[in-house]
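Hi,

Here is the structure I promised to pass on. Have a look at it first, and then read my notes below.

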Amino acid sequence: MFSPCWSRLSCVALSSRGGLRTLSLFSSSGSSNWSKVVSDAEKIVGYPTSFMSLRCLLSDELSNVAMHLRKLVGTQHPLLNTARGFVYDSKNNLQMRGLVVLLLSKAAGPSHAASDLLAQDMVSGIYPSQRNLAEITELIHTAFLVHRGIVNLKEWTVSDGPLKDMQFGNKMAVLSGDFLLANACTGLSQLNNTKVVELISSAIGDLVQGIYYENSHNTEENGGIDMAAWEEQTFLSHGALLAKSCQAAMELAKHDKESQRLAYKYGKHLSLGHKLNSDLQPFVKSRVGEPLSFSLSAAPVVFHRQIIGRETWHHQLQQAKTLRNQLDYSKLLAAVKSEKGVSTAMDLCCYHGNKALEAIQAFPSSEARSALENIASAVTKF
């Protein structure tokens, strides 16, 4: 199904005010090791998970959307960059959420309670319904990425390009995101499992709530959020979908509540570890002369702000501003690095990676479990 890649090799930047808002930010350094982890995992589930996008990419409806998107070529609307990342990006190589769902499905195997599920229907140890769930998960994630490409016209300036281009791009982002989400909901209903529908529906609600919190709390002017609020908000906007999809995969194979709990736990901690790794990249990989930008809601910044206090943080923000009232991110980076915000975020990332590893140990030893362990370990490497 149509989806971007959730890999440490990709980054899609959507907003420039108050810091870049990144959808997935992992540097390409160390990419060969990560690519090997991914390649090995894809072999285990039976086919490259990037193939999941083919059915939707070849649909007539999406072809019409693509034709309208061509009208945005030459404009600065962020939806164009998002679409370009879907179709072509040499650094993208998988849909991570779908891959994790498939790996967990294979690692858990068939349940003894699944008497009405035929073992011969399994492909590479995975039920067709679980593969469909992986596709649905990716489709929901894609829909929200597209919706995030909507530009706030209240902040529009002449430098952003013609207003009519921004308005048209916003219409396309709303319509194409809604189209993808509608397809995901149709596929979800076809799974014929009420509990799975409830789980994924609640995950969609969590995504909406998490993005609302991001937009309402993360501004320069306010004092920002503390780390507890950051973790709650990040789980809603980045972790709930994977965690509940992992649990739903166990439910489709009729595994017991304990297996569902452990699958949920793995997805939750993997997502939080991944987001922390993503937030840390500008602080651990920045080089002299490279363009620098990061979100003011990134975990190291939130930790730093909590350590130094609100007044000192506002003072540092003012010192980092240029004559044009824009942030000098190199000055702000140095300020954040001067305290323990970066090291604290790294420790928390390792904590969540270890919690994910702990959760997966209850599943039988197998190639799929080893792949899940490798993925969890990879998000703790900087």
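Which charged end sits over the ring of Phe-235? That would be Lys-268, whose charged end lies 5.8 Å from the ring centre. Bear in mind that this is a predicted model.

Now for the overall picture. The protein has 382 residues, and 54% of them are buried. Its secondary structure comes to 15 helices and two strands. If you take the contacts with a separation of 6 or more, 76% are between residues 24 or more positions apart.

On to the aromatics. Searching the whole structure turned up four aromatic pairs. One of them is Phe-294 with Tyr-329: the ring centres are 5.1 Å apart and the planes are at 75°, which is over the 60 degrees needed, so the pair counts as edge-to-face. This pair links distant parts of the chain, as its two residues are 35 apart. Phe-294 is in the loop between α10 (257-285) and α11 (299-308), while Tyr-329 belongs to helix α13 (residues 329-337).

Both partners fall under the 20% cut-off, so they count as buried: Phe-294 has a relative accessible area of 2%, and Tyr-329 has 12%. Phe-283 comes into it too, forming one aromatic cluster with Phe-294 and Tyr-329.

Over to you!

Cheers

Key. Residues numbered from 1 in each chain as written. Predicted model: local features only at pLDDT ≥ 70, side-chain atom pairs only at ≥ 80, totals over all residues. Heavy atoms only, no water. Phe/Tyr/Trp six-rings, centres within 6.5 Å; stacked < 30°, edge-to-face > 60°. Helix = DSSP H or I, 4+ residues; strand = E, 2+ residues; numbered from the N terminus. Buried < 20%, exposed > 50% of the residue type's maximum accessible area, 1.4 Å probe, protein only. Lys NZ or Arg CZ within 6 Å of the ring centre and 35° of its normal. Contact = heavy atoms within 4.5 Å.
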